[in-house]
Amino acid sequence: MTDVYTPADLPQKIQHYIDGEFVDSADGDTFAVLNPVTNETYVHAAAGKKADIDRAVAAAKAAFEDGPWPRMLPRERSRVLHRIADIVESRDARLAELESFDSGLPITQALGQARRAAENFRFFADLIVAQADDAYKVPGRQMNYVNRKPIGVAGLITPWNTPFMLESWKLGPALATGNTVVLKPAEFTPLSASLWAGIFEEAGLPKGVFNLVNGLGEDAGDALVKHPDVPLISFTGESSTGQLIFGNAAPFLKGLSMELGGKSPAIVFADADLDVAIDACIFGVFSLNGERCTAGSRILVERAIYDEFVERYAAQARRVKVGHPHDPATEVGALVHPEHYDKVMSYVEIGKTEGRLVAGGGRPDGFPTGNYVAPTVFADVMPDARIFQEEIFGPVVAITPFESDAEALALANNTKYGLAAYVWTNDLKRGHNFAQSVEAGMVWLNSNNVRDLRTPFGGVKASGLGHEGGYRSIDFYTDQQSVHITLGEPHNPTFGKN
């Protein structure tokens with residue numbers, strides 16, 4: 001295959017990082033990591049099992065119980081996190097290069113993810129210093145205040161779409177609040193995760209605070225979820241995997257934060273700015289190769305503008321540039337793995353029986369190999385169709401007409417998911433009422449996936465359990481202890497007095 005790009009200085013192998021050292025798996029097992037452009041193995045990674053998780057958890061537990069990190073002042077931890085952010089920011093080009101190569105994301109979009117990762121650390125570094133906990137006073141009688149304490153070893157399980165950024169989204173608050181961590185990155189994309197160890201060492205993070213175990217979800221991930229010394233699990237991934245984690249964590253009564261799948265609607269009313277809405281709905285499903293949990297993959301369009309919208313949207317989708325991930329002109333790159341490519345292509349074939357194909361529908365011209373899917377648009381999709389109901393997680397979109405506000409709301413809420421929604425209208429009253437009625441954890445009104453890091457991130461229904469972001473992340477990664485102090489005479493009923 002021509003024009004295959006390989007970054008310089010790739011590692012010869014990818015190892016675990018446990019208690020400050022790079023190590024192989026206890027049993028020596030490895031798994032192949034594929035280049036999504038060629039589907040050829042470019043490196044082998046250590047395949048972690050229960051023994052490796054046990055070792056990593058033991059290191060993290062010792063660092064929590066005996067090490068300095070949980071006992072540092074917030075300002076001291078903040079300085080380390082700011083150094084981490086500085087290092088990530090200074091290496092954004094290299095991080096993006098490796099992320100793009102490993103995941104198939106277009107290089108320009110991978111660069112944005114690297115910068116966002118730095119901002120995640122900077123945000124939580126500032127937040128823990130500025131944090132104020134509640135105090136409640138009854139003058140002359142009592143005072144009550146809340147003391148926040150780190151919980152222990154946090155198990156972090158991350159997905160393969162934008163892996164480095166999503167790892168930072170969990171690592172930042174977990175470390176900022178004084179916990180120690182064991183990270184289990186996605187097996188499809190372990191390359192960028194292997195950089196964290198060097199970044200943390202250079203920033204001065206104490207030994208044992210950060211540990212990383214690569215491996216399959218059913219091996220390393222399962223062992224982490226079931227480990228009795230890991231009181232917290234933060235997971236981002238498929239809803240079906242989230243159900244398994246929920247069940248496996250239940251006997252240990254673990255704290256769980258799970259950001260799961262989505263099938264988010266984008267609702268376009270006739271009074272919307274059509275040019276802006278089309279641009280947003282193109283970007284919302286085709287950016288990040290369509291491999292994004294908040295993708296607006298169901299577009300609901302008011303009947304009065306439906307035909308014009310479909311025609312213009314399909315024409316623009318056909319102009320979206322599919323290309324090699326390293327090419328700055330590329331807008332849609334290669335899907336992450338052949339298994340996922342096969343899944344997405346199976347939905348494309350299903351869609352041909354469930355809707356009217358108006359763009360894409362297969363492998364794009366000029367890409368005979370690799371995990372390339374042409375941006376695909378189906379119109380006239382009924383609400384009971386599988387491509388309307390099921391998460392595809394690729395560059396595939398379903399468009400459905402509606403006649404009234406009530407029908408639009410019913411269609412928007414007609415899936416098991418509830419992560420995000422996008423509403424396009426210039427009617428302020430309608431926009432607010434619709435936003436408050438739609439079953440979604442996050443709603444963008446005349447906006448497209450721009451998020452303030454202070455706001456909660458999470459979904460409802462099958463899209464998640466709990467929220468992270470801002471103080472919600474601080475809440476998840478800390479225990480809140482109430483301390484009560486009597487300032488006057490103790491108010492004690494007397495039992496057993498003569």
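Is Lys-461 buried, partly exposed or exposed? In this predicted model, in which local features are required to have a pLDDT of at least 70 and side-chain atom pairs are counted only at pLDDT 80 or more, while totals for chains, interfaces and linings use all residues, residues are numbered from 1 along each chain as its sequence is written. Side-chain values rest on heavy atoms, with hydrogens and water left out. Lys-461 is partly exposed, because its relative accessible area is 37%, where buried means under 20% relative accessible area, exposed means over 50% and partly exposed lies in between, with a 1.4 Å probe and protein chains only. The residue lies in the loop between S18 and strand S19 (464–465), helices (H or I, at least four residues) and strands (E, at least two) being DSSP runs numbered from the N terminus.

Asp-380 is placed in the loop between S15 and helix H12 (386–389), and with a relative accessible area of 35% it is partly exposed. Ser-287, in the loop between helix H9 (274–286) and strand S13 (298–302), counts as buried because its relative accessibility is 4%. When residues up to four places away in sequence are not counted, Ser-287 touches Gln-109, Ile-282 and Arg-292, contact meaning heavy atoms within 4.5 Å.

Beyond its neighbours within four places in sequence, Trp-196 is in contact with Ile-84, Val-88, Phe-121, Phe-164, Glu-167, Ser-168, Leu-171, Leu-183 and Phe-210.

Trp-196 also takes part in a helix pair. Two packed helices are described by the angle between their axes and the distance between the axes. For helix H5 (residues 163–176) and helix H6 (residues 196–203), the axes come within 13 Å and cross at roughly 35 degrees, where axes are lines fitted to C-alpha atoms, for helices over the stretch in contact, and angles run from 0 to 180 degrees between N-to-C directions. The contact is made by Phe-164, Glu-167, Ser-168, Leu-171 and Leu-175 of H5 together with Trp-196, Ile-199 and Phe-200 of H6.

Among the strands, S8 (residues 180–184) is largely enclosed by the rest of the structure, because five of its five residues are buried. Both of its faces are covered, with Thr-180, Val-182 and Lys-184 buried on one side and Val-181 and Leu-183 buried on the other. Strand S7 (residues 153–157) runs parallel to S8 and is joined to it by five bridges, and Ala-154 has Val-181 as its bridge partner in S8. Strand S11 (residues 255–259) is mostly covered, four of its five residues being buried. Strand S10 (residues 232–236) pairs with S11 in the parallel sense over five bridges, and the bridge partner of Thr-236 in S11 is Glu-259.

An open sheet of seven strands has the order S14-S15-S16-S13-S12-S17-S18, with mixed pairing, two strands being taken to pair if DSSP finds at least two bridges between them. Its edge strands are S14 (356–359) and S18 (442–445), each of which pairs on one side only. Within this sheet, strand S15 (residues 376–379) and strand S16 (residues 396–402) run parallel and are joined by three bridges, Thr-376 having Val-396 as its bridge partner in S16.

A further open sheet consists of three strands in the order S5-S6-S20, with antiparallel pairing. Strand S5 (135–138) and strand S20 (478–486) stand at its edges, each with a single partner strand, so one side of each is left without a neighbour in the sheet. Neighbouring strands of this sheet are turned by 20 degrees against each other on average, direction ignored. S5 and strand S6 (residues 142–150) pair in the antiparallel sense over four bridges, and Tyr-136 stands opposite Asn-144 in S6.
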